[in-house]
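Here is my note on the structure you sent. Please read the numbered points with the model open beside them.

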Amino acid sequence: MVCGGFACSKNCLCALNLLYTLVSLLLIGIAAWGIGFGLISSLRVVGVVIAVGIFLFLIALVGLIGAVKHHQVLLFFYMIILLLVFIFQFSVSCACLALNQGQQSQLLEVGWNNTASARNDIQRNLNCCGFRRLNPNDTCLASCMKSRHSCSPCAPIIGKYAGEVLQFVGGIGLFFSFTEILGVWLTYRYRNQKDPRANPSAFL
């Protein structure tokens with residue numbers, strides 16, 4: 001059987017959706033691990049990660065069932081959803097890779113001001129207080145506040161890692177976006193192939 005045949009398309013599509021299933025379970029596991037070990041206390045951050053993991057798991061489940069049963073309707077909706085996810089993820093990945101240092105700093109400051117629980121996690125884990133300076137009205141949970149040493153602002157410390165993190169996230173996003181467009185192409189081809197074990201006159 002050549003790789004352009006029905007069986008190869010089916011196996012490739014199943015393998016791709018199994019990969020998505022593993023990634024989705026990994027995302028949910030990382031979120032649960034972060035909460036369990038106290039590394040993340042922001043319910044918003046954990047909720048977003050878990051929601052992305054569940055969404056990816058559902059997409060993979062639809063694609064896997066559609067591939068195994070050669071279900072035309074499920075494969076059609078899977079193909080459309082995967083195409084929309086590809087457009088969104090490709091755009092976000094390119095934006096992460098294109099941000100300069102000034103835009104990164106502005107984005108970090110906006111996120112800092114809008115997420116109180118994540119701000120507390122950063123201050124505690126990086127041992128810093130305030131973004132550019134400590135606001136007297138804010139509380140800081142960093143250990144440096146309990147000692148006589150002055151606390152350094154968090155902006156320079158975060159800035160050291162922000163570029164690397166954005167490059168990593170953008171690269172991973174681009175990699176998975178190309179697997180998604182591969183999934184769209186495989187699904188389109190697989191929908192239009194005849195199952196050799198089925199009745200030839202029953203092809204839709």
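Notes on the model

1. Threonine 21 is found in helix H1, residues 6–36. Helices (H or I, at least four residues) and strands (E, at least two) are DSSP runs, numbered from the N terminus. Threonine 21 is buried, with a relative accessible area of 16%. Here buried means under 20% relative accessible area, exposed means over 50%, and partly exposed is in between (1.4 Å probe, protein chains only). Residues up to four places away in sequence not counted, threonine 21 touches Phe57 and Ala60; contact means heavy atoms within 4.5 Å.

2. A word on the source. This is a predicted model, in which local features need pLDDT of at least 70 and side-chain atom pairs count only at pLDDT 80 or more, while totals for chains, interfaces and linings use all residues. Residues are numbered from 1 along each chain as its sequence is written, and side-chain values use heavy atoms, with hydrogens and water left out.

3. The overall make-up comes next. The protein chain has six helices and zero strands, so its elements run α-α-α-α-α-α from the N terminus on. Of the 204 residues in the protein chain, 34% are buried. Among contacts between residues at least 6 apart in sequence, 67% join residues at least 24 apart.

4. Which spans does UniProt list as "transmembrane region"? The unreviewed entry gives residues 12–40, 46–68, 75–100 and 165–188. UniProt positions are given in the numbering used here, feature names are shortened, and annotations may be inferred rather than shown by experiment. In the model, residues 46–68 are 100% helix and 0% strand, with end C-alpha atoms 33 Å apart. Residues 165–188 are also 100% helix and 0% strand, and the end C-alpha atoms of that span lie 34 Å apart.

5. Helix H3 covers residues 72–98. The expected span of a helix is 1.5 Å times one less than its number of residues. For the 27 residues of H3 this gives 39 Å, which agrees with the 39 Å between its end C-alpha atoms. The buried residues of H3 are Gln72, Leu75, Tyr78, Met79, Leu82, Val85, Phe86, Gln89, Ser93 and Cys96.

6. Helix H6 has 38 residues and reaches 52 Å from its first C-alpha to its last, close to the 56 Å expected. H6 has a kink of about 30°, centred on tyrosine 161. The bend at a residue is the angle between axes fitted to the seven residues ending there and the seven starting there. Glutamate 164 is also in helix H6, and at 57% relative accessibility it counts as exposed. The C-alpha atoms of glutamate 164 and leucine 97 are separated by 9.9 Å, although the two are 67 residues apart along the chain.

7. Leaving aside neighbours within four places in sequence, serine 177 is in contact with Phe86, Gln89 and Phe90.

8. The cysteines need some care. A disulfide is a covalent bond between the sulfur atoms of two cysteines; the rule used here is a pair of cysteine sulfur atoms within 2.5 Å. By this rule the count comes to one disulfide, joining cysteine 128 to cysteine 154 with an S to S distance of 2.0 Å. Cysteine 128 lies in the loop between helix H5 (116–126) and H6, and cysteine 154 lies in helix H6, so the pair ties together parts 26 residues apart in sequence. The torsion about the S-S bond is about 105°, so the disulfide is right-handed. Cysteine 128 is buried at 0% relative accessible area, and cysteine 154 is buried at 0%.

9. Histidine 70 lies in the loop between helix H2 (43–69) and H3. Its phi is near 55°, a positive value in a residue other than glycine. At 13% relative accessibility, histidine 70 counts as buried.
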